[in-house]
Amino acid sequence: VLDGTAAWRINNSATGAHISRAHQTITVPTTILHPQLSFYWSAVLQSAGHGPADQPYADVLIQDVTDPNNVTVVYFKHIAAQDPTYPGWQINGSWGAIPWQKVSLPNLTALKGHKLKITVTAADCTQGGHGGYVYLDNIACNLFHPMPFRTPGAVMSLRSTLTLLLA
């Protein structure tokens, strides 16, 4: 948990070729001069020793979904277990963790009034023997203080597609 007492966990350490996804849709404020969006994610992925396409993975995607006939990608990050292009892995046996990563889109002025969809996906390896999960915390769109998830308990585990609604 980065801030507060709870964060979302997407997927879990169990094996079985699971894929879990959570998404949040926000509207970029029109009343703020320079709107911005930020949130944090962290991944824990078990190295399967497979090729990159078969490893457990995490995806973080932000799309402009204002026009369903013209969805555009605003941000995308894909990382497979112990991907050598990321130098910050914290390794413990076959498991690797990526410390909290901040996603920040500092100037969304051109997207005022647009709907942005944040989608976080976590997946086990394709052969089903290795797990992976992602934490998500502090989604904020021009708030003086970020909004940590206000879920009672330490971590909520999602095992299916869920739309996150923040109060």
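I count rings of Phe, Tyr and Trp (its six-membered ring) as a pair if their centres lie within 6.5 Å; planes under 30 degrees apart are stacked, over 60 edge-to-face, and the rest tilted.

**Ground rules**

I am working on a predicted model, where local features need pLDDT of at least 70, side-chain atom pairs count only at pLDDT 80 or more, and totals for chains, interfaces and linings use all residues. Residues are numbered from 1 along each chain as its sequence is written, and side-chain values use heavy atoms, with hydrogens and water left out.

**Entry: aromatic pairs**

I searched for ring pairs under that cut-off. The structure holds four aromatic pairs. I looked at Tyr86 and Trp89: their ring centres are 6.1 Å apart and the planes stand at 90 degrees, so this pair is edge-to-face. Both Tyr86 and Trp89 are buried. For burial I use relative accessible area: under 20% is buried, over 50% exposed, and partly exposed lies in between (1.4 Å probe, protein chains only).

Next I took Tyr133 and Tyr135. They also form an edge-to-face pair, with 5.6 Å centre to centre and 85 degrees between the planes. Tyr133 counts as buried because its relative accessibility is 14%. Tyr135 has a relative accessible area of 19%, so it is buried as well.

**Entry: Arg9 beside the tyrosines**

I then checked for charges over rings. My test wants NZ of Lys or CZ of Arg within 6 Å of the ring centre and within 35 degrees of the ring normal. Arg9 lies over the face of Tyr133, at 5.8 Å from the ring centre. I also looked up Arg9 against Tyr135. Their C-alpha atoms are separated by 4.5 Å, while the two residues are 126 apart along the chain. Tyr135 has its place in strand 9.

**Entry: the fold**

I read the secondary structure from DSSP runs, numbered from the N terminus: helices are H or I with at least four residues, strands are E with at least two. The protein has 11 strands and zero helices. Along the sequence the pattern reads β-β-β-β-β-β-β-β-β-β-β.

I looked up contacts too, meaning heavy atoms within 4.5 Å. Among contacts between residues at least 6 apart in sequence, 75% join residues at least 24 apart. Buried residues make up 44% of the 167 residues. The protein exposes about 8,400 Å², of which carbon and sulfur atoms supply 54%. Those areas come from the Shrake-Rupley method with a 1.4 Å probe; for residues, only the protein chains shown count as cover.

**Entry: the nonpolar core**

I define a nonpolar core as a set of buried Ala, Val, Leu, Ile, Met, Phe, Trp, Tyr and Cys residues joined through side-chain atoms within 4.5 Å. The largest one here has 29 residues. Leu37, Phe39, Trp41, Ile62, Ile79 and Leu116 touch the most other members. Which elements give two or more residues to this core? They are strand 1 (7–10), strand 2 (19–27), strand 3 (37–46), strand 4 (57–64), strand 7 (95–105), strand 8 (115–123) and strand 9 (132–141). Strand 3 supplies the largest share, five residues. In soluble globular proteins, nonpolar side chains tend to be buried together.

Leaving out residues up to four places away in sequence, Ile62 touches Leu37, Phe39, Thr72, Val73, Val74, Tyr75, Val103, Leu105, Leu116, Lys117 and Ile118.

**Entry: a buried serine**

I picked Ser20, which lies in strand 2. Ser20 counts as buried because its relative accessibility is 1%. What does the side chain of Ser20 make a polar contact with? Its partner is the side chain of Asn11, at 3.4 Å. A polar contact is a pair of N or O atoms within 3.5 Å; within protein, one must be able to donate a hydrogen and the other to accept it, and residues adjacent in sequence count only if both atoms are side-chain atoms.

**Entry: loop residues**

I looked up Asp54 in the loop between strand 3 and strand 4. Asp54 is partly exposed, because its relative accessibility is 31%. Asp54 touches Cys125 and Thr126, not counting residues up to four places away in sequence.

Ala17 has a phi near 60 degrees. Ala17 lies in the loop between strand 1 and strand 2, and is partly exposed at 38% relative accessibility. Gln82 has a positive phi of about 50 degrees. Gln82 is in the loop between strand 5 (72–80) and strand 6 (90–92), and is partly exposed with a relative accessible area of 26%.
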